[in-house]
Amino acid sequence: MNRWIKIIFTMAACITALDAQNAEPQPGARDLAWVEKRAQELEPAARERRIDEIGWASDIRQAERLAVENSRSVFLFTHDGHINTGRC
């Protein structure tokens, strides 16, 4: 029974999607130019992208070599956990 319900809902979703594709555009609908403009407005500004200026190294040996060459210190970040949940 559960399988048939899933099939019916899937078919209803497909029919709805086909109807939406064939429908006339709504007045005031947002077009591709509006979306591209809005995406460009939401891009981070240069001052918000300061992290890109950090000299990242792929391993500790490379970081130590670069630190000596540039008379800089090394900041070592290690991660164990799930950074996307804030539990690292």
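**Salt bridges and surface features of the predicted model**

A salt bridge joins the side chains of Glu53 and Arg50, at 3.4 Å from N to O. The term denotes a side-chain nitrogen of Lys or Arg within 4 Å of a carboxyl oxygen of Asp or Glu. Glu53 and Arg50 are both exposed. Exposed stands for over 50% relative accessible area, buried for under 20%, and partly exposed for the range in between (1.4 Å probe, protein chains only). The model is predicted: local features need pLDDT of at least 70, side-chain atom pairs count only at pLDDT 80 or more, and totals for chains, interfaces and linings use all residues. Residues are numbered from 1 along each chain as its sequence is written, and side-chain values use heavy atoms, with hydrogens and water left out.

The structure holds 6 salt bridges. One of them pairs Glu69 with Arg65, at 3.0 Å from N to O. Both residues lie in helix α3. They are 4 residues apart, about one turn of the helix. Helices are DSSP runs (H or I, at least four residues), as are strands (E, at least two), and numbering starts from the N terminus. Glu69 is exposed, at 52% relative accessibility. Arg65 is partly exposed, at 42%.

Salt bridges with shared partners also link Lys37, Arg38 and Glu41 into one network. Helix α2 holds both Glu41 and Arg38. Their spacing is 3 residues, about one turn of the helix. Glu41 has a relative accessibility of 46% and counts as partly exposed. Arg38 is also partly exposed, at 37%.

Helix α2 spans residues 32–42 and includes Trp34. Trp34 has a relative accessible area of 36%, so this residue is partly exposed. Together with Leu32 and Val35, Trp34 forms a nonpolar patch on the surface. The accessible area of the three residues together is about 290 Å². Such areas come from the Shrake-Rupley method with a 1.4 Å probe; for residues, only the protein chains shown count as cover. Patch residues have over 30% relative accessible area and no salt bridge; like charges are joined within 9 Å, and nonpolar side chains (Val, Leu, Ile, Met, Phe, Trp, Tyr) within 5 Å.

The segment after α3 (60–70) contains Ser71. Ser71 is exposed, with a relative accessible area of 68%.
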